[in-house]
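I opened a notebook page for this model. The entries run from the whole chain down to single residues.

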Amino acid sequence: SRPRGAVGGTVLLPSMLMFGVILASSGLLLMIEKGILAEVKPPPLQPPGGERSRRGQEGGQEAPGELEAEVLRDIRNRTIRAVCGQPAMPRSVWELPAGQRRTVLRHLLVNDKYRFLYCYVPKVACSNWKRILKVLDGTLESVDVKLKMDHKSDLVFLGDMKPDEISYRLKNYYKFIFVRNPMERLLSAYRNKFGEIKEYQQKYGVEIVRRYRKNGGNSAGDDVTFSEFLQYLLDEEVERMNEHWMPIYNLCQPCAVRYDFIGSYERLNADANHVLERIRSPSFIRFPERQPWYKPVTAETLHYYLCNTQRRLIKELLPKYILDFSLFAYPLPNVTSEFCRQ
């Protein structure tokens, strides 16, 4: 049967007017306005109040910033309920168009022993979470093993199961995802894939330069500019995007899948510890430390790239990622002239 609100096989999103009402009612519109007019630093996320992790806590003391974190979680949860409660939004994975359903089921990893589902999002510490899943399944000795991550083998994907098996796990298992500031995630993907990975340079970089640069036919794809990358994203259909820059909403479908916990990259260790506690993993398993060679995207780095990119390009790209900004309570990027002069 055709999904509610579907026309031509595509699930309709609420109108922008309705979307604005939803955001305003949740208090998120104010955050977005501040994010575009002034520098906004969202409070760090903490595990839910009243649940103290046995990992990394000393003396039973509460982590700092708990009140701010609860406010941010409340904004996020109310916004998700408001948006996903609209008649046109999907209520389950079976209401999604076939392509969208394949995408989310392909990104939901299964652990039957500890009864959880994890929707992995590239560039949001998914490699470390996959290490943990392999350790829990006994196919990897330790999260600290220095091996190149194989993102397919020894992992169980929900999409490989039968419909009744899928439905049972979606209904009964603990479900979580981790999210990240959308523009920071895009910059991380850009620097990693076009600055370090030859496969991406040849597959995507060569085409991007050829398409958006005069006399760019001789490029090896390793000199793609950030502006060219954003222009490519602007012209690309969301459903055809590579997973490393596809919006989190499209990867994990938080309306069709009711997640029990949404962790944050900004508070990765604290939120990861909360999940490990919640699934009752062995106490010796901890979230891996950041590798010494990893070059994180800092606020200053993001500031530099955004302020050296055409403002028009950023504003035109935002609608493609607006659900990631709004549902997960991230302020829109600040590219005002005053801010960029700092």
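The entries below record what I looked up, in order.

**Ground rules.** I am working from a predicted model, where local features need pLDDT of at least 70, side-chain atom pairs count only at pLDDT 80 or more, and totals for chains, interfaces and linings use all residues. Residues are numbered from 1 along each chain as its sequence is written, and side-chain values use heavy atoms, with hydrogens and water left out.

**Whole chain.** I found 15 helices and 6 strands in the chain; these are DSSP runs numbered from the N terminus, with helices being H or I of at least four residues and strands E of at least two. Of the 342 residues, 51% count as buried, where buried means under 20% relative accessible area with a 1.4 Å probe, protein chains only. I also looked at contacts (heavy atoms within 4.5 Å). Among those between residues at least 6 apart in sequence, 72% join residues at least 24 apart.

I traced an open sheet of 4 strands in the order 3-4-5-6, with mixed pairing; two strands pair if DSSP finds at least two bridges between them. Strand 3 (108-111) and strand 6 (261-264) are the edges, each pairing on one side only. Direction ignored, neighbouring strands are turned by 25 degrees against each other on average.

**Strand 5.** I noted that strand 5 (residues 174-179) pairs with strand 4 (residues 116-119) in the parallel sense over 4 bridges. Tyr118 is opposite Phe176, and Cys119 is opposite Ile177. Towards strand 6 the pairing is again parallel, over 4 bridges, and there Ile177 faces Ile262. In a regular strand the side chains alternate between the two faces of the sheet. I checked this for strand 5: Tyr174, Phe176 and Phe178 point one way, Lys175, Ile177 and Val179 the other, and all are buried.

**Trp129.** I listed its contacts, leaving aside neighbours within four places in sequence: Tyr118, Phe176, Phe178, Ala272, Val275, Leu276 and Phe287.

**Core.** Which residues have the most contacts inside the largest nonpolar core? I found Leu108, Trp129, Phe229, Leu233 and Trp245, in a core of 95 residues. A nonpolar core here is a set of buried Ala, Val, Leu, Ile, Met, Phe, Trp, Tyr and Cys residues joined through side-chain atoms within 4.5 Å.

**Leu233.** I placed Leu233 in helix 9 (residues 226-235). Leu233 counts as buried because its relative accessibility is 0%. Not counting residues up to four places away in sequence, Leu233 touches Leu186, Met241, Trp245, Leu317, Lys320 and Tyr321. From Leu233 to Met246 I read 13 residues in sequence and 9.0 Å in space, C-alpha to C-alpha.

**Helices 7 and 12.** Helix 7 (residues 182-195) packs on helix 12 (residues 299-307) at about 85 degrees, with axes 11 Å apart. Axes are lines fitted to C-alpha atoms, for helices over the stretch in contact, and angles run from 0 to 180 degrees between N-to-C directions. The angle therefore makes helix 7 roughly perpendicular to helix 12, a label for 65 to 115 degrees. From helix 7, Met183, Glu184, Leu187, Tyr190 and Arg191 meet Thr301, Leu302, Tyr305 and Leu306 of helix 12. I sorted the contact by class: 6 nonpolar, 1 polar and 2 charged residues. Ala, Val, Leu, Ile, Met, Phe, Trp, Tyr, Cys and Pro count as nonpolar, Asp, Glu, Lys and Arg as charged, and the others, Gly among them, as polar.

Methods. Angles under 35 degrees count as roughly parallel, over 145 as roughly antiparallel, 65 to 115 as roughly perpendicular and the rest as oblique. Buried means under 20% relative accessible area, exposed over 50%, partly exposed in between (1.4 Å probe, protein chains only).
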